[in-house]
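Subject: Structure handover

Hello,

Here is the structure I said I would pass on. My notes on what was found in it follow below.

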Amino acid sequence: VGVVDGGIQPSGSFEGWITVLFGDAIDYANRRPAKRLLLAPTLVFNPGARQELSQGHTLEQLDVQEGNLYKAGNTRLRANNHFNERTFLRATLQHVDYRYNPELYAFEIDPEYRRLLSQYLFSYKVNPRTLLYVGYDDDQLGNHEFGLTRVNWTVFAKIGYACVMLPPVPDRACALPLG
């Protein structure tokens, strides 16, 4: 298996890198040798000290002796914004697109699989030990028979609090009566 990895940061606010994997692989679903190619470029842009935009894409192709078994694409877009030391907002979109060659599988498989995921997360630090999280998550699926269709969505909230165990203070110690 070969790996090529490289990156560039032409300025303090922009960076990019790419990973390439290639070589021998295994088609685990059909138990046979294969060849794999994976390309994964990523771009990150920091327009300000508290903002970050990133975009990444992964493209994978698996070939067997009879031809191309599948192509899989996964695109991610993420935006982070720290409004101040206490407040944070993140939005993430991810699109997955798989294209299979059903003739090369030993079992029945749908020729397409698509998925769109979105997530939004807001965080507020009440104090150094207490955090409040509120978010939304959305999931959509699709295939060759129907387009992307929402299958579920979730709204959630979480409060995180760190408890600190302090040693008892002698003049404030409490005693339970015996008897």
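Strands β4 and β5 form a hairpin, with two residues between them. This is a predicted model. β4 and β5 are antiparallel and share 14 bridges, and one of the bridge pairs joins G56 to R76 in β5. The next hairpin runs from β5 to β6 through four residues. Here 13 bridges hold the two antiparallel strands together, with H82 paired to F88 in β6. β6 in turn is joined to β7 by 13 bridges, again in the antiparallel sense. In that pairing L93 lies opposite S118 of β7.

These strands belong to an open sheet of nine, in the order β1-β2-β3-β4-β5-β6-β7-β8-β9, with antiparallel pairing. The edges are β1 (2–11) and β9 (149–161); each has a single partner strand, so one side of each has no neighbour in the sheet. From one strand to the next, the twist averages 10°.

On the nonpolar side, the largest core has nine residues: A25, A34, L62, V64, L69, Y70, A72, L104 and Y105. β4 (51–64) and β5 (67–82) each supply at least two residues of this core. The largest share, three residues, comes from β5.

There is also a nonpolar patch on the surface, made of F83, L89, F122, Y124, V126 and V134. Together these residues have about 470 Å² of accessible area. Strand β7 (residues 112–127) gives the most to the patch, with three residues. L89, another member, sits in strand β6 (residues 87–100). Its relative accessibility is 36%, so L89 counts as partly exposed.

Now the charged pairs. The structure holds 10 salt bridges, and three of them are described here.

K35 and D24 form a salt bridge, their closest N and O atoms being 2.4 Å apart. K35 is in strand β3 (residues 32–48) and D24 in strand β2, so the bridge ties together parts that are 11 residues apart in sequence. K35 counts as partly exposed because its relative accessibility is 48%, whereas D24, at 53%, counts as exposed.

E112 and R99 form another salt bridge, with 3.3 Å between the closest N and O atoms. E112 lies in β7 and R99 in β6, so parts 13 residues apart in sequence are tied together. R99 is partly exposed at 39% relative accessibility. Both residues also belong to a network of salt bridges that links D97, R99, E112 and R114.

R150 and D138 meet in a salt bridge through their side chains, at 2.6 Å from N to O. R150 is in β9 and D138 in strand β8 (residues 130–143), so this pair ties together parts that are 12 residues apart in sequence. Is D138 buried or exposed? At 3% relative accessibility, D138 counts as buried. R150, with a relative accessible area of 48%, is partly exposed.

One last item concerns E15, which lies in strand β2 (residues 14–27). E15 and V44 are 29 residues apart in sequence, and their C-alpha atoms are 5.3 Å apart in space. E15 counts as partly exposed, at 25% relative accessibility.

Regards

Methods. Residues numbered from 1 in each chain as written. Predicted model: local features only at pLDDT ≥ 70, side-chain atom pairs only at ≥ 80, totals over all residues. Heavy atoms only, no water. Patch = residues over 30% accessible without salt bridge, like charges linked within 9 Å, V, L, I, M, F, W, Y side chains within 5 Å. Areas by Shrake-Rupley, 256 points an atom, 1.4 Å probe, with all protein chains shown as cover. Salt bridge = Lys/Arg side-chain N within 4 Å of Asp/Glu carboxyl O. Buried < 20%, exposed > 50% of the residue type's maximum accessible area, 1.4 Å probe, protein only. Pairing = 2+ DSSP bridges. Axes fitted to C-alpha atoms, helices over the stretch in contact; angles between N-to-C directions. Core = buried A, V, L, I, M, F, W, Y, C linked by side-chain atoms within 4.5 Å.
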